[in-house]
Amino acid sequence: MTGNPINGEMEELELRDRLSLIENMIAEGRRGTESWGWVFLLWGVAYYVAILWSSTSFLGPIWGRQYLAWPVTMTVACVLTIVIGMRKEGRRPQTTISRAIAAMWMAMGISMFILLLSLGISGRVEQQVFIAIIAAMLGTTNAASSFILKWKMQLACAVVWWAAAVISLFSNVTQSSLVFLLAIFFCQIVFGIYGMMAEARERRLQGASHA
Amino acid sequence: MPELPELNPVIHGKLRLALLSLLTGVEEAEFTWLRVKTGSTDGNLGAQLLKLEEAGYVAVEKKFVQRKPQTLYRMTESGRQALTEYVQALKQLLGGAIDA
């Protein structure tokens, strides 16, 4: 580099510093910028609201219309996800992985909405089949997301959803409902809270590393 | 003896190098996110981003989201190419230093 060994050494140190800066910044840019725990929690609560609404008949003239329970609750959950998501994620950059995962969940949501709405309107629906469809679709999307993120906890959720789908088809209405409620509790509520806690821990660590 | 490559002076600046490296990992990033990640001041960050923009290494998009102004930066193809060449040159120089 230069004839002077001191200058040469300094230059080499500076070049190594540049190389490590590149590596650190690339890693920093890709580091967990997503925050999705709240979405699982929100949808878990939405499922519980829809189930409660659709299974009770004493809620008055508006809330007593049980056929509205799923379409209305799911639409409200969709709108809330978009509005809160825009507020939360607006300042975070999008990575290819985050876009792929968001696209997958959106496609699943649209498929589920079209399918369940059509089943509801056509009347060709049986509760066990209804639950099995929802559980299988959630299992598929959770599994795909866990493979992308290499996240074992989410893969466990996928397995729970798949198990719920199978059990639902081999059980009576009460057992099937119970399995569905349990799967929602573990894979949406508990997993959502776990995700939010993990994200908060990550943010604290990142804050400490920038201090 | 093979000639050692020269380092691109636009990229060699520490903050500009950090910015380009950050932008390789994301599709686009907001000014405030880049400021937090690099820990630089608004003025310095704006000046360095302008140099990268003038060199054609980053593209800027200004828009309003929920009535708030937002400035988004994304790496261009020539920026990606320049960073790749910079890293190759850096490795070659360091290889030379190790051999010496």
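Helices are DSSP runs of H or I with at least four residues, strands are DSSP runs of E with at least two, and both are numbered from the N terminus. The model is predicted, with local features needing pLDDT of at least 70, side-chain atom pairs counted only at pLDDT 80 or more, and totals for chains, interfaces and linings using all residues. Residues are numbered from 1 along each chain as its sequence is written, while chains are lettered from A and ligands numbered from 1 in the order in which they are written.

Q: What makes up the secondary structure of chain A?
A: By those DSSP runs, chain A has 8 helices and 0 strands. Its elements therefore read α-α-α-α-α-α-α-α from the N terminus on.

Q: Which percentages of the two chains count as buried?
A: By that same cut-off, 23% of the 211 residues of chain A count as buried. For chain B, it is 28% of 100 residues.

Q: What makes two residues a contact, and how many residues does each chain bring to the contact between A and B?
A: Two residues are in contact if their C-beta atoms, placed from the backbone, lie within 7 Å. Chain A brings 23 residues and chain B brings 24. On the chain A side, helix 1 (5-30) and helix 5 (96-122) are the elements that give two or more residues. Helix 1 of chain A gives the most, with 13 residues.

Q: How do the residues on that side of chain A divide?
A: Ala, Val, Leu, Ile, Met, Phe, Trp, Tyr, Cys and Pro count as nonpolar, Asp, Glu, Lys and Arg as charged, and the others, Gly among them, as polar. Sorted this way, the chain A side has 8 nonpolar, 7 polar and 8 charged residues.

Q: How do you know that strand 2 and strand 3 of chain B pair?
A: Pairing requires at least two bridges found by DSSP. Strands 2 and 3 of chain B have 8 bridges, in the antiparallel sense, so they pair. V60(B), for instance, stands opposite Y73(B) in strand 3 of chain B. Strand 1 and strand 3 of chain B are joined over 2 bridges, again antiparallel; here Y73(B) is the bridge partner of A29(B).

Q: What order do the strands of chain B take, and why do two of them count as edges?
A: The 3 strands form an open antiparallel sheet in the order 1-3-2. Strand 1 (29-30) and strand 2 of chain B each have a single partner strand, so one side of each lacks a neighbour in the sheet.

Q: Why are the buried residues of helix 4 of chain B said to share a side?
A: The buried residues of helix 4 of chain B are Q48(B), L49(B) and L52(B). They cover an arc of only 100° around the axis, which puts them on the same side of helix 4; the arc is that of the directions from the helix axis to the C-beta atoms. Helix 2 (14-24), strand 2 (58-65) and strand 3 (68-75) of chain B are included in what covers them. On the other side of helix 4 of chain B, D42(B), G43(B), L50(B) and E54(B) are exposed.

Terms used
A residue is buried if 20 or more other C-beta atoms lie within 10 Å of its own, exposed if 12 or fewer, and partly exposed in between; C-beta atoms are placed from the backbone.
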